[in-house]
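Hi,

Here is the structure I promised to pass on. Please open it next to this email and click along as you read.

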Amino acid sequence: MTALSSSGRGPRRLAALTCVALAGGTLVASGVTGLEPGTAKASSHREAPLISGQPQYDNTDVYAFVSPDKPDTTTLVANWLPFEEPAGGPNFYKFADDAQYDIHIDSDGDAQGDLIYRWTFKDHIKNGNTFLFNTGPVTTIDDPDLNITQTYDIDLLRLKNQRVMHSTKVADDLPVAPSNVGKASMPDYQALRDQAVHKIPGGSTAFAGQADDPFFLDLRVFDLLYGGNLSEVGNDTLKGYSVNSIALQVPTAYIRQSEKQPIVGIWSTTQRKSANGHWTQVSRLGMPLVNEVVIPVKDKDKFNASHPWNDGDFLNFVTKPELPKLIEGIYKIKAPAEPRDDLVSVFLTGVDKLNKPPHVRPAEALRLNTSIQPSAEPKRLGVLDGDNAGFPNGRRLTDDVLDIALQVVEGELLGQKNDLGDAVNENDQKFGKSFPYVALPTSGSRGPLAKEAGAKDAQGNLLSGGASSAASGSDATSTTLIASAVAAGAGVLLVGLGLNWWRMRRRNPYS
């Protein structure tokens, strides 16, 4: 027993020493040069268990607002595929080609769509014998060096009692703006994005492609409401991440019932084709934060597969919300009395004399009064701050929906005034002043460049093995390379000794 125990310790100790030596070389090299893995940041867009594993079909946000520079039109924006890491190649981000991406319009308040704008996408590969997304610098949207591309169609479906009465193709084979690979691959990404904006019949304008995630907030709210003591607050957790975005600007007269009834309800869904060829709804989103914060875990997948006209199934979660109770338990702020009819008006019916249509059926959807003109100076708190062109009357890109939702949930509309918020008041990127308004996605080459003389955190280049050009002759760099080489050499030596010992052990198992 003693001999068996001793011979068992030998290889384990040798393996441990080998790992320590190899790890030592890595740690020394990375520690001195300051190379660290990026910290993963979660997204509230992962609102339900099933869809969190299907990001191409996961609708992250919906926006609807009267266009500020064209007030006779309404702009609709919907986003998919959350927290896209800018340098996430070689398989960059594309829409699914087995999905139907829909934006629904309810023009009479009955919780049933009267119009559906439907996007479907096609993949195109020029050269399947390369791993590259692009085989050279891309300067135009149809550049032959852009190896992997997508195009899309838009169909307009007119419905009555949820039956399609008429279908019209309003866009055919329009190009998608590609992912922003980096400066070498796409030296003028703004030009590429501009070429992906297209006028389509009927006075509408369309865009599809990658964009900066316009949702700004501190998602550490899920860590016991900012650490349980507000120690975690003020960091835009979606900063630097992108989404896949579709945007459509349409004449308002197309989507509203009439000038006398100008309020529309808007939501989006994703249908995925199953193995038997049937379409199944896997994602649904209208008002922000409803499925994430209002709907409990056991019903989140059910909500994603449901339809607005059945939202009475979820009414109890709105009238008796969990969040105020959590805030009271953690921060001792008294929860408003139930039932919360004020939340029903915000999330399900629209607010009286603002965006509540006549004969409304309660349903979770963005409700936009298209007769309210855009604000010259939008206020981030929207209606709470006297700006009736903002959330919850539709949703603009600049609306701070998390702060608005927190304050409303804590009774702002009931006279319980508060200034709750996450200390993130605006997006990290400026939004555009014209369609499609969304900000450009972060470039894959967003870091410092090795050729920039004097860059404090330059990481060197491919030809120098990653050694910083700014400090290539320094003692620190020499020490790093020597230490790394010695540690790596020791590791190789120990591996060799281990293999030699193993061969000898096999020849003479009793030694």
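Below is what I found in it, going from the whole chain down to single residues.

A quick word on the ground rules: this is a predicted model, so local features need pLDDT of at least 70, side-chain atom pairs count only at pLDDT 80 or more, and totals for chains, interfaces and linings use all residues. Residues are numbered from 1 along each chain as its sequence is written, and side-chain values use heavy atoms, with hydrogens and water left out.

**The whole chain**

The chain has eleven helices and twelve strands. Helices (H or I, at least four residues) and strands (E, at least two) are DSSP runs, numbered from the N terminus. Of its 511 residues, 48% count as buried; that word stands for under 20% relative accessible area, while exposed is over 50% and partly exposed is in between (1.4 Å probe, protein chains only). The accessible surface is about 24,900 Å², and 57% of that belongs to carbon and sulfur atoms (areas come from the Shrake-Rupley method with a 1.4 Å probe, and for residues only the protein chains shown count as cover). Now take the contacts (heavy atoms within 4.5 Å) between residues at least 6 apart in sequence: 65% of them join residues at least 24 apart.

**Aromatic rings**

Searching the whole structure turns up nine aromatic pairs. Rings of Phe, Tyr and Trp (its six-membered ring) pair if their centres lie within 6.5 Å; planes under 30 degrees apart count as stacked, over 60 as edge-to-face and the rest as tilted. F95 and F121 are a stacked pair, because their ring centres are 4.1 Å apart and their planes are at 10 degrees. F95 belongs to the loop between β2 (73-84) and β3 (99-106) and F121 to strand β4 (residues 115-125), so this pair ties together parts that are 26 residues apart in sequence. F95 and F121 are both buried.

F121 has another partner, Y152: here the pair is tilted, with 5.6 Å centre to centre and 35 degrees between the planes. Since F121 is in β4 and Y152 in strand β5 (residues 148-160), that pair ties together parts 31 residues apart in sequence. Y152 is buried, as is F121.

The charged end of R193 is over the ring of F207, 5.5 Å from its centre, and R395 lies over the face of F215, at 4.8 Å from the ring centre. The rule for this is NZ of Lys or CZ of Arg within 6 Å of the ring centre and within 35 degrees of the ring normal.

**Strand β3**

How many of the eight residues of β3 are buried? Eight of the eight, so β3 is largely enclosed by the rest of the structure. In a regular strand the side chains alternate between the two faces of the sheet. In β3, A99, Y101, I103 and I105 point one way, and Q100, D102, H104 and D106 the other.

β3 runs antiparallel to strand β10 (residues 263-273), joined by eight bridges, and D106 stands opposite G265 there. Five bridges join β3 to β4, also antiparallel, with H104 and I116 as bridge partners. Two strands pair if DSSP finds at least two bridges between them.

V176 is in the loop between β6 (163-175) and α2 (189-195), and is buried at a relative accessible area of 10%. Leaving aside neighbours within four places in sequence, V176 is in contact with residues including F95, F121 and Y152.

S306 sits in the loop between α6 (297-304) and α7 (315-319). At 11% relative accessibility, S306 is buried. Its side chain makes a polar contact with the side chain of R284 (2.8 Å) and reaches the backbone oxygen of F303 at 2.7 Å. A polar contact is a pair of N or O atoms within 3.5 Å; within protein, one must be able to donate a hydrogen and the other to accept it, and residues adjacent in sequence count only if both atoms are side-chain atoms.

M287 is found in the loop between β11 (279-285) and α5 (290-294), buried at 2% relative accessibility. Not counting residues up to four places away in sequence, M287 touches V346, F347, E364, A365, L366 and F391.

Cheers
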